[in-house]
Amino acid sequence: MILDILSCILVGLGCVLGLIGALGLIKLPDTYARTHAVGVTDTLCTFLVLLGLGLQATSYVVIAKLVLIFLFLAFTSPASSYALVNSAWRWGLRHDQKLHLKSMELKTIQDLESSSVPQKEGNQ
Amino acid sequence: MSIYFIVAAIAIMVAMSLGVCRALLGPSVFDRILAVNMFGTKAVLLIAVFAFFTERHDLLDIALLYSLLNFVGVIAALRLVERGKYFANSNKKERS
């Protein structure tokens, strides 16, 4: 009984986190910000859901398979995020300069508009 | 107990559909690759939840295999974007 409740809570938390990550994928204005949202929440969502499902397991083989799924996703998800962002930077995709400016506030808008940084597509 | 698995499966499917929205909307190809990567990861979770919902624990092998295939597919798509210049931009603009 307690195992059922715990597993429901963990799976529920994992699904909520997955929805938050997907919401970030829709709402954020820049490719690199979206990579942050997806890469951070995906691994934790996977961990919580698989842990919640593993509490319902009936034999050790099932637990071993769930552990293997989590290990593969934990190793490959950061690697694919890095490969994506590295490939995007080398392709020439640059981040939203005004988004960076709002968080740091070191330069003025006049400096930004007079700079000659080439802007590739990727800003909405 | 099975009602909670159905709710979890619906939540995962909503997250997958938001990923598909980004894959259709995304102005650059990297947004689309990211969305498809997230779609694949959520598909692995959906198969795992489904395996526990129907009490058929053999379906976890499919989830295991698909997590590997998803990773290989994302890396292959990124290599295609890197090597072939015209695949990354439908307007056929060159990198300056």
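**A lysine, some rings and the cysteines**

Let's start with K42(B), which is found in helix α2 of chain B; helices here are DSSP runs of H or I with at least four residues, strands are E runs of at least two, and both are numbered from the N terminus. Quick housekeeping: this is a predicted model, where local features need pLDDT of at least 70 and side-chain atom pairs count only at pLDDT 80 or more, while totals for chains, interfaces and linings use all residues. Residues are numbered from 1 along each chain as its sequence is written, chains are lettered from A and ligands numbered from 1 in the order in which they are written, and side-chain values use heavy atoms, with hydrogens and water left out.

So, is K42(B) buried or exposed? Buried, with a relative accessible area of 1%; the cut-offs are under 20% for buried, over 50% for exposed and partly exposed in between, with a 1.4 Å probe and protein chains only. And what does its side chain pair with? There's a polar contact of 2.5 Å to the side chain of D42(A). By polar contact I mean N or O atoms within 3.5 Å; within protein, one must be able to donate a hydrogen and the other to accept it, and residues adjacent in sequence count only if both atoms are side-chain atoms.

Now the rings. Phe, Tyr and Trp rings (for Trp, the six-membered one) pair if their centres lie within 6.5 Å, with planes under 30 degrees apart called stacked, over 60 edge-to-face and the rest tilted. That gives three aromatic pairs over all chains. One of them is Y32(A) with W89(A): centres 6.0 Å apart, planes at 65 degrees, so edge-to-face. Y32(A) sits in helix α2 of chain A and W89(A) in helix α3 of chain A, so this pair ties together parts 57 residues apart in sequence. Y32(A) is buried at 13%, whereas W89(A) is partly exposed at 40%.

Then there's W91(A) with F30(B), 5.6 Å between centres and 70 degrees between planes, so again edge-to-face. W91(A) is in helix α3 of chain A and F30(B) in helix α2 of chain B, so that pair joins two chains. Both residues, W91(A) and F30(B), are buried.

For C15(A), the nearest cysteine sulfur is that of C45(A), 6.4 Å away.

Notes: Disulfide = S-S within 2.5 Å.
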